[in-house]
Amino acid sequence: MTTKRFFERWLSGPALWLPLALLLGWAIYSLSNLSNATVSLRHTDKVRVAIERLRSTILAGETGLRGYLVAGDPSFLYAYRVAALKWPSDLDAVQALTKDNADQEERLRHVTQLLNERFQILAETLAAFDTGARGDQLKPFMMRGNRVMERTRATVDEMEDQEARLDLIRQEAATRRWQVTMALFVGAAFLSLLLLTGLQFQRRGVEARRHQAELVTQAIDRERHVLQAILSGIDDGITLQDRSGKLVFANASAARTIGFSSPEALLAAAPEEITSRFRLFDETGAPLALDSLPARQVLSGSAKEASITVRYRLRDPVQDRDLGEDRWSHVRAYPLFGPDGDLIQAINVFQDITDDRRANERRSFLAQAIAELSSSLDYHSTLSSLARLSVPTLCDWCAVDVVDGGRTNRLAIAHVDPQKVALVEEIDRRYPPDPDSFRGVPQVIRSGEPLLVASIPREMLVAAAKDQAHLDLIERLQLASFMAIPLKVGGKVIGVISFAMAESGRRYQADDVAFAQTLADRAALAIENARLFREAERSRQALATQLVDETHRRREAEEASRFAETFIGILGHDLRNPLNAISMTATLMERKGIFDQAAVRRIQRSTGRMSSMVAQLLDLTRSRLAGGITVERRPIRIAQVILDVLDELRRSYPDREIRFEEGDDDTLLGDQDRIAQVVSNLVGNAVEHGADDAPVHVTLSRREDSATLTVHNAGRPIPTDLLPIIFDPFRRTTARGERARGLGLGLFISQQIVQAHGGTISVTSTEAGTTFTVNLPRVMVPEAPIPSVADTLAT
Amino acid sequence: MTHGAKAAEKSTILIVEDEVDSRETLRELLELEGYKVRTAVNGREALDTLAAVGDEICIMLLDLFMPVMDGWQVIDELKATGRLSSTQVVVITSASHRAPAGIPVFQKPLDLEKVIKHVHMVC
């Protein structure tokens with residue numbers, strides 16, 4: 001406590017009031033005593049006056065008597081008689097005044113006796129005088145009278161003295177009392193002054209405090225106003241609940257959040273009315289009990305702070321239907337403690353996170369939509385899937401119309417309920433949209449600007465309806481809110497996406513239009529990209545085709561050129577070689593003048609080779625230019641075919657050993673001449689390229705479904721780089737580096753023949769020798785009949 | 001044979017030809033003319049022969065199309081080793097238009113009279 005406050009308290013407290021009261025009481029008491037003293041003084045005066053009056057009366061009586069006695073004039077007796085009559089009353093007066101004074105009473109009784117005696121004497125004197133006594137005769141009376149008088153006088157004087165003394169004492173007492181009283185009053189006055197000063201101080205302190213309190217109150221009021229302004233201004237809903245759960249405060253946002261027009265309306269509402277205004281769900285959409293809200297936990301003391309994210313839907317309790325779309329709120333509750341630390345209230349903060357949630361939903365929707373849009377190059381399917389995707393995130397209804405050659409076609413329509421889709425299709429069928437309409441989709445197509453009808457008034461539907469039946473159908477759609485967004489590619493409107501809200505009661509706002517436009521732009525971009533991609537793909541494909549064609553042509557040209565070159569080489573070189581030999585042999589024979597047997601054989605061999613080469617060239621030409629070597633399928637006995645070929649070869653190569661290990665003879669469908677050609681080629685090669693001193697081995701084996709022929713020769717292996725291309729045409733080599741006696745077409749033609757039979761031919765070549773293996777299916781796969789080589793040769 | 005003495009030192013003819021009938025007919029014909037003949041079936045054998053008995057070789061009848069080493073490679077090799085000037089080469093080929101420049105060419109089928117005449121001139 002400050003000194004000032006202490007001082008104020010002390011001044012205004014009993015410490016000062018009590019002494020002051022005592023002092024005043026004492027002063028008043030003293031004053032009353034003073035008054036008594038004054039009364040006593042006045043009494044003394046009165047006593048003294050009464051005594052004086054008595055004395056005067058006595059003196060007047062004496063004087064009157066004396067005058068009568070002296071003058072004999074009876075008029076003097078009047079004074080005497082008055083005095084004789086009056087003195088008892090005077091005496092009574094004194095007696096009355098001094099009855100509280102025993103001394104004076106005693107004296108008074110004495111005076112009374114004396115006066116009685118005196119007036120007795122006077123009466124006797126008078127009587128004596130009247131009887132004629134004079135002078136000395138009267139003297140005894142006079143003498144006795146004088147004595148009595150003297151005693152009277154003395155007593156009266158005593159009384160007087162006493163009164164005078166009393167008066168003096170009383171005066172002193174009164175003076176003293178006066179002084180004390182004055183002192184007391186001065187003291188009281190001082191104290192009063194002090195007290196007044198104190199009171200003044202206190203009053204000022206109180207004033208100051210009251211002023212301060214007023215300032216504080218004003219400040220608090222201001223703060224409260226500011227706080228209330230802040231609380232009503234902030235978007236978060238804030239409520240206070242007491243321990244029973246009753247709402248004691250709510251800001252405007254809290255009231256708005258749960259569907260009340262004002263905080264006052266919310267606070268006045270009964271709990272059941274509040275709960276009838278909304279339905280509560282958890283994040284997954286499952287209904288949520290009110291007890292799950294964090295305030296209950298906080299109020300029950302089970303949590304210091306609690307929060308939950310809820311989804312809710314406002315309801316119209318009167319019509320018992322949902323209002324608008326789901327909203328999201330993050331609800332937090334904090335305990336509020338009183339000064340003594342007791343939990344008194346819970347603060348609820350409702351943060352509306354619907355926009356965040358919706359933004360998230362939209363982001364993920366957009367991501368999904370973009371993925372969907374990029375997944376197809378067909379913009380019809382792209383837009384259809386977009387319509388499908390939009391329900392129900394963006395709308396209850398979605399329709400896509402595209403402009404196609406000046407006409408508008410409805411490409412897709414989506415709604416959760418297929419029956420509703422059917423309804424729209426029925427409306428479109430019965431009442432085809434007017435492309436020149438100033439409303440809706442045609443308007444957007446013409447303007448290229450998005451259209452938003454946040455809340456569709458019934459008048460609009462009435463105006464749009466062509467007749468009552470049309471209106472009835474339209475009204476069944478329950479359209480509540482609508483937006484139509486142009487799909488623009490390169491500034492040109494290629495279509496319109498229409499979104500509508502119906503049963504859900506949701507309403508579109510400007511930001512919905514912006515979002516939908518973003519989506520439409522994405523869709524348009526996807527369509528444009530798809531178009532560009534298709535164009536690029538077409539160009540690429542055209543280019544690729546062109547390239548393939550070019551490559552093909554070039555390869556064909558190269559092939560043709562190479563073929564021509566080879567062909568020219570063959571005709572120019574290989575065919576000329578035997579001709580050269582024939583020619584030279586003829587010259588030689590001419591020079592020698594003889595027909596030498598060796599020379600004739602040479603001519604024969606050369607002409608034979610020439611024939612063989614021509615036949616091979618024809619086979620090649622056939623296989624290259626006429627679709628392949630042909631075979632005539634007849635049942636043949638393969639072992640016999642081999643034996644015949646080997647006989648022939650043995651005659652040509654009498655010094656070479658050719659062994660044939662014949663397994664079971666087998667009959668298969670094939671071309672006997674062609675098979676013989678293959679055997680002849682393979683065995684001939686083996687004889688020609690194989691080691692001279694080693695036999696050629698030929699085997700035939702039979703399997704379930706095929707016959708296998710192998711031709712093996714010892715000798716140097718075929719170079720490994722040659723193996724993969726050994727069946728290509730014009731690949732020829734000899735072990736010695738000598739010219740092969742053919743065109744290098746033998747293996748190529750053999751392969752063509754085996755393949756024409758549906759068989760395979762392969763080669764292995766190692767240091768151990770070279771083996772060709774031919775597999776021929778026992779039942780040939782039927783093939784389309786192709787003209788035989790014989791036919792070809794014939795032509 | 002009249003020409004035999006003339007080519008006493010350097011009288012051998014080298015025939016380089018992979019085709020056996022042509023090679024053997026030509027050999028028989030030239031031997032009939034009195035020349036000593038060596039044969040090679042490809043360029044590699046020809047160069048080997050030249051390396052071994054080059055002094056004897058009067059003229060080399062060289063085919064162009066041959067396996068292992070062809071006639072063009074033989075000429076290149078001779079040019080590279082500076083032996084082309086000391087070796088008489090005649091090309092015998094069916095593709096005369098592709099013969100190396102500066103070297104006598106006889107087109108197959110050979111006109112043997114011309115060939116023999118040329119050989120006589122040289123050897």
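The side chains of A:Arg602 and B:Glu28 meet in a salt bridge, N to O at 3.1 Å; a salt bridge here is a side-chain nitrogen of Lys or Arg within 4 Å of a carboxyl oxygen of Asp or Glu. This is a predicted model, so to speak of local features takes pLDDT of at least 70 and side-chain atom pairs count only at pLDDT 80 or more, while totals for chains, interfaces and linings use all residues. Residues are numbered from 1 along each chain as its sequence is written, chains are lettered from A and ligands numbered from 1 in the order in which they are written, and side-chain values use heavy atoms, with hydrogens and water left out.

Back to the interface. The count between chain B and chain A comes to 4 salt bridges, and 8 residue pairs across the interface are in polar contact, both residues at pLDDT 80 or more. A polar contact is a pair of N or O atoms within 3.5 Å; within protein, one must be able to donate a hydrogen and the other to accept it, and residues adjacent in sequence count only if both atoms are side-chain atoms. Helix 2 of chain B gives the most, with 9 residues. Helices (H or I, at least four residues) and strands (E, at least two) are DSSP runs, numbered from the N terminus. By class, this side of chain B has 13 nonpolar, 5 polar and 10 charged residues; Ala, Val, Leu, Ile, Met, Phe, Trp, Tyr, Cys and Pro count as nonpolar, Asp, Glu, Lys and Arg as charged, and the others, Gly among them, as polar.

In terms of contact (heavy atoms within 4.5 Å), 28 residues of chain B touch 24 residues of chain A. The two chains bury about 2,300 Å² between them, and carbon and sulfur atoms give 52% of that. B:Asp21, B:Thr25 and B:Glu28 supply 22% of the area that chain B buries against chain A, more than any other three residues. Buried area is the accessible area (1.4 Å probe) that two parts lose on being put together, summed over both.

Helix 5 of chain B also packs on helix 17 (residues 576-592) of chain A, at an angle of about 70° and with the axes 10 Å apart. That makes the two helices roughly perpendicular. Axes are lines fitted to C-alpha atoms, for helices over the stretch in contact, and angles run from 0 to 180 degrees between N-to-C directions; under 35 degrees counts as roughly parallel, over 145 as roughly antiparallel, 65 to 115 as roughly perpendicular and the rest as oblique. Here A:Met584, A:Thr587 and A:Arg591 meet B:Leu112, B:Glu113 and B:Ile116.

Elsewhere in chain A, A:Asp221 pairs with A:Arg224 in a salt bridge, closest N and O atoms 3.0 Å apart.
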